[in-house]
Amino acid sequence: MTSTHAQWGSRLGFILAATGSAVGLGNIWKFPYMTGVSGGSAFVITYLLCITLIGVPILVMEWLIGRRAQMNPIQAMEHVAVSERRSPAWKWLGVSGVLGAFLILSFYSVIGGWALDYLFLTGSGKFSDMTGKETGAVFEGFLANSGSLLLWHTVFMALTMGIVAMGVTSGLERASKIMMPALAVVLLILVANGIFATDSFGRTIEFLFTPNWSAVNGNVVLAALGHAFFTLSLGMGIMTAYGAYLGKDVNLLGAARTVVILDTTIALMAGMAIFPLVFSHGLEPSSGPGLIFVTLPIAFGNMPAGTLLGTLFFILLTFAALTSSMSLLEPVVALLEQKTPLGRKSATLIAGAVIWLLGVASLLSFNHWSDVQILGNSIFDFLDKLTSKFMLPLTGLGIIIFSGWFMNQESIRKELGLQGTGYQIWSIVSRFVAPLGVIAVFVSMLMG
Ligand code: PHE
Ligand code: NA
């Protein structure tokens, strides 16, 4: 193999892994419902700002740290800290990241199970000619049926565990080369459906993009910030782990641009596919986590070849969810393997079983345990908020402070290939804008 070939192979493998982790339920399930809950454009615009000014520098630094250390995230933080003559205690950022991945996977798998179940529901033709009221009723019945939620959560978690235990993650990443574009094509068809088969596309664009500053408040900004971390898989050491795949020659800023553009495009397309259905069927934008499961079946039930297309859509969504869920399980398993005498298979089994059990609690919070409250939230909402709104941004803050203030800036400048104005922008954004942005969001939250 020529060296250009080897480089190309490593760059592509890396981009596939990083994009596979980033693009998932966060884009298609979470982004639209959060947008609906948080008032549309106020959320979308702050989210885009958070991605560019905070997400990008953290993504780049997670990769850079991983590439320098060539180790798992916890060791990587320690290794890089020590090589910069800093305290090894920075490794705790890696530890909190793994804990975040553990908690996120528990409820991610529940929603992955919803996607699997909807694959079969859609495939059975159940949604043919249904109205929004009817698909809403199907979803309510679906949530009440804890047995079937449990079955599909179990199937999703078993698939994730199987992939990680057998170490076939890279095979899946390669398959995503076909599955991701296919997902984008189906989304495009759904956007076209919104444009041509509903009368609400104009309203959707207005809802998503017309600045509405009066709707921006501390809560919306914290939600947007948290989602920027969630959607790019940041603050968990996952991207640090992928950095170890990287050759020295890969341009980190260029790679970040690719991943961020793909991730953001998929999310915005999902929004443009879903809200025309929300508005044209008189549904509530702020109805929460069920939003895509109530809206998309209306489109599939009423368009030509909708049953086929709907089935395909949920297959692709499940696939995208699996390439994300395996990236969540991987660091937990790696940590267990390293800290205990367990082998890979048993480590996967044990980690997976505990995560599955926690997922069962989330799942029950949609039915039998809907009254159980933790600090005013259902179990599902609590785990989601704890991770997205607190753990990920705070771990990310630690990483960006470490890299902007405790690492040699000149070596970072060289490694990113930056000079002149480019470097000045990088420096201002990564050392000031990003950390102060996160801090400002928290301070404004605390002040009310
Ligand atoms: N980024 C993934 C998504 O948007 C979810 C995820 C979060 C994956 C955190 C890994 C780590 O669906
Ligand atoms: Na994402």
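Biologist: Where is Leu312 placed?

Modeller: Leu312 sits in helix α14; helices here are DSSP runs of H or I with at least four residues, strands are E runs of at least two, and both are numbered from the N terminus. This is a predicted model, in which local features need pLDDT of at least 70 and side-chain atom pairs count only at pLDDT 80 or more, while totals for chains, interfaces and linings use all residues. Residues are numbered from 1 along each chain as its sequence is written, and chains are lettered from A and ligands numbered from 1 in the order in which they are written.

Biologist: Is Leu312 buried or exposed?

Modeller: Leu312 is buried, because 20 other C-beta atoms lie within 10 Å. The cut-offs are 20 or more other C-beta atoms within 10 Å for buried, 12 or fewer for exposed, and partly exposed in between, with C-beta atoms placed from the backbone.

Biologist: Ligand next. Which residues come nearest to ligand 1?

Modeller: Gly24, Gly26, Thr231, Ser233 and Ser324 come nearest, out of 15 residues around ligand 1. A residue is counted as near if its C-beta atom, placed from the backbone, lies within 6 Å.

Biologist: Which helices supply at least two residues of that shell around ligand 1?

Modeller: α1 (3-22), α2 (25-37), α10 (218-231) and α14 (306-339) each do.

Biologist: How many charged residues are in the shell around ligand 1?

Modeller: There are no charged residues; the shell has 7 nonpolar and 8 polar ones. Nonpolar covers Ala, Val, Leu, Ile, Met, Phe, Trp, Tyr, Cys and Pro, charged covers Asp, Glu, Lys and Arg, and the others, Gly among them, are polar.

Biologist: Different topic. How many helices and strands does the protein chain have?

Modeller: The chain has 18 helices and 0 strands. Of its 448 residues, 52% count as buried.

Biologist: At what angle do the axes of α3 and α4 cross?

Modeller: The axes of α3 (residues 41-69) and α4 (residues 73-83) cross at roughly 80 degrees and come within 9 Å. That makes α3 roughly perpendicular to α4. Axes are lines fitted to C-alpha atoms, for helices over the stretch in contact, with angles from 0 to 180 degrees between N-to-C directions. Under 35 degrees is roughly parallel, over 145 roughly antiparallel, 65 to 115 roughly perpendicular, and the rest oblique.

Biologist: Which residues of α3 meet α4?

Modeller: Ile65, Gly66, Arg68 and Ala69 meet Gln75, Ala76, Met77, His79 and Val80 of α4. Contact means C-beta atoms, placed from the backbone, within 7 Å.

Biologist: What about the loop between α3 and α4?

Modeller: Gln70 is in that loop. Its phi is positive, about 55 degrees, although Gln70 is not a glycine. Gln70 counts as partly exposed, with 13 C-beta neighbours inside 10 Å.

Conventions. Contact = placed C-beta atoms within 7 Å.
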